[in-house]
Amino acid sequence: MIKKVISVVIAICLMFISTIGSSIQPIYAASSARINPDDMLTVLNDITVAGQSWENIGFDSEDIANIMQMQRKDDSYYASLNTDIARLSVETKALENAIAGQGYIQSYAQNGNPPATPQEQNERMQYVTQVALERYGNTYNTADFNKYVLYLYMSHYIDNPNYTKESPGFDNIYAYVITSDDITAYENFIAQSKFSMFSTNLVNFMDEFKSAVNNSSDILTAVDEGKVISINTANAIYGLSTFDPEKTASRAKLIVTSFKDHYESTASVNELLNAMYVDLEPEDVSQQYIDACVTGFLGVLAGTTLFGFGMSISLCYYNVYANLYDKAKLTALHYSLSGRVAIRLDELIGG
């Protein structure tokens, strides 16, 4: 039974690897050469479910995001994942629905308007990306566009002390306008706070997503299959005779540490697994447990590193970044808002 479950996970990875190889200013209509915010929302929601699958078997979303940002190796590295199994035999839809419907404890940050769920964060990203396309679409083919998405996220949510989901108040502060004064204020805030983690990952995500826009259907497929791999990995772990809910977190930390220690220096999956077996032999982690988790890691990583950046601005943001605001610096940012709103209005009036 154990071998069958692990084989299913390997089969998914093989299948996956083989598949991948309101504004005054004029609106710049999105074309086939530009990102589609609706596609972005689909991608982020799929990545969120994938991350939640890993969390359900004890992994920290930050650890998974970091692993999924690691350098993808040459196809030959994954050769040992080949298998004769050609189709899924584990039903994962019920687990996916259960994961997507999980409740959340309200984030403990009381400032900076943290989202109530990762899905709400994904909707925010969709919204500000659309605003960026409409107002700053002339910068789309430059790195500035990625920054404008970041600045617009800040102007709409973090730099908006009166925001509520029911009454956002975007128009009251002309949140869709980014001036040089705003950029200076935002860059200073980023430089002086742990919000820089979110800033870096958001810019990287936008860059990766833009780079893949000409193959958007491939990206949607890759991310969907990565989600399936993640869900199926959770299913595989649940099916192991050695599965113990009370030990998932400690085992996950051991596996993550060993994977990071050996991934870069090994020349094949078998070499990686053998090194990890040696590392974890003294611990209460079976080889089947290691096989399932590592196969899941590699199956997703083989498809696209977009996963890591996406998880960082979605699930990790909800879990971690939204709670890292420095209250004094946030207060200072809000204190300067009235003057910057006046400058925004002057820019609108002046054209």
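**The core.** I began with the largest nonpolar core, which has 99 residues; such a core is a set of buried Ala, Val, Leu, Ile, Met, Phe, Trp, Tyr and Cys residues joined through side-chain atoms within 4.5 Å. Buried means under 20% relative accessible area, with a 1.4 Å probe and protein chains only. Phe 59, Ile 158, Phe 195, Phe 198, Phe 259 and Phe 297 touch the most other members. Helix H6 (residues 143–158) gives the largest share of this core, ten residues; helices here are DSSP runs of H or I, at least four residues, numbered from the N terminus.

**A note on the source.** I kept in mind that this is a predicted model, where local features need pLDDT of at least 70 and side-chain atom pairs count only at pLDDT 80 or more, while totals for chains, interfaces and linings use all residues. Residues are numbered from 1 along each chain as its sequence is written, and side-chain values use heavy atoms, leaving out hydrogens and water.

**Phe 259.** I then listed its contacts, meaning heavy atoms within 4.5 Å. Leaving aside neighbours within four places in sequence, Phe 259 meets Ile 67, Met 70, Leu 272, Met 276, Val 294, Phe 297 and Leu 298.

**Asn 201.** Is Asn 201 buried or exposed? Asn 201 counts as buried because its relative accessibility is 8%. This residue sits in helix H8 (residues 196–211). Not counting residues up to four places away in sequence, Asn 201 touches Gln 69, Phe 309, Ser 312, Ile 313 and Tyr 321.

Notes
Helix = DSSP H or I, 4+ residues; strand = E, 2+ residues; numbered from the N terminus. Buried < 20%, exposed > 50% of the residue type's maximum accessible area, 1.4 Å probe, protein only.
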